[in-house]
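This report describes selected side-chain and backbone features of a single protein model. The structure is shown first, and the features follow by topic.

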Amino acid sequence: MNLTLGIIKPDAVSKGLTGKIIDRILSEGFQIRAMKLVHLTKKQAEGFYAVHKGKKFFEELTNFMSSAPCIVMVLEKENAVEEWRKLMGATNPAEAAEGTLRKQFGSSIGENAVHGSDSEENASIEISYFFNKLELV
């Protein structure tokens, strides 16, 4: 079994979609090993997305991610990174496949409901940004 980080972004939390998204996660065979509600500061959002610093969307992304609470989760499943990315769908909800979370719940490239790690290496880094080992069940 592998781990990945999943985030239910501020847009989805604000719209009350948390339960529907968590239900989909569980129905797709993921186990939630840790979960918490956080409200990132601008500085914390910049730290988390530091890999994108210097890109034209960085400011908008970090403003958005610090605008309201989000839910961070550690998800477990065989091939967790790949399976979570498949369930999320394309970054742009308009291009996401039917049945994906972003197609169902996202409204734009910036407000696309969920985040996921893009590799096992980044999953480990991202998980440790939000959780210590004692918090992983």
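## Aromatic pairs

In this predicted model, both F48 and F130 are buried. A search of the whole structure finds five aromatic pairs. A pair of aromatic rings is described by the distance of the centres and the angle of the planes.

F48 belongs to helix α3 (residues 42–48) and F130 to helix α7 (residues 120–130), so their pairing ties together parts that are 82 residues apart in sequence. Ring pairs also join F48 and F130 with Y49 and Y129 in a cluster.

Helix α2 spans residues 18–27, and its buried residues are T18, I21, I22, R24 and I25. These residues cover an arc of only 155 degrees around the axis, which puts them on the same side of α2. An α-helix has 3.6 residues a turn, so residues three or four places apart point the same way.

The face of α2 turned away from this buried side carries G19, K20, D23 and S27, which are exposed. Just after α2, the backbone at G29 adopts a positive phi of about 90 degrees.

S117 is located in the loop between β4 (114–116) and α7. With a relative accessible area of 0%, S117 counts as buried, since the limit for that class is under 20%.

The side chain of S117 forms a polar contact with the side chain of E126, at 2.6 Å. When neighbours within four places in sequence are left aside, the residues in contact with S117 are T4, L5, V81, R85, N122, A123 and E126.

## The segment after α7

K133 is found in the segment that follows α7. Is K133 buried or exposed? K133 is exposed, because its relative accessible area is 77% and the exposed class begins over 50%.

K133 and S107 are separated by 26 residues in sequence, and their C-alpha atoms are 34 Å apart in space.

Terms used. Residues are numbered from 1 along each chain as its sequence is written. This is a predicted model: local features need pLDDT of at least 70, side-chain atom pairs count only at pLDDT 80 or more; totals for chains, interfaces and linings use all residues. Side-chain values use heavy atoms; hydrogens and water are left out. Rings of Phe, Tyr and Trp (its six-membered ring) pair if their centres lie within 6.5 Å; planes under 30 degrees apart count as stacked, over 60 as edge-to-face and the rest as tilted. Helices (H or I, at least four residues) and strands (E, at least two) are DSSP runs, numbered from the N terminus. Buried means under 20% relative accessible area, exposed over 50%, partly exposed in between (1.4 Å probe, protein chains only). The arc is that of the directions from the helix axis to the C-beta atoms. A polar contact is a pair of N or O atoms within 3.5 Å; within protein, one must be able to donate a hydrogen and the other to accept it, and residues adjacent in sequence count only if both atoms are side-chain atoms. Contact means heavy atoms within 4.5 Å.
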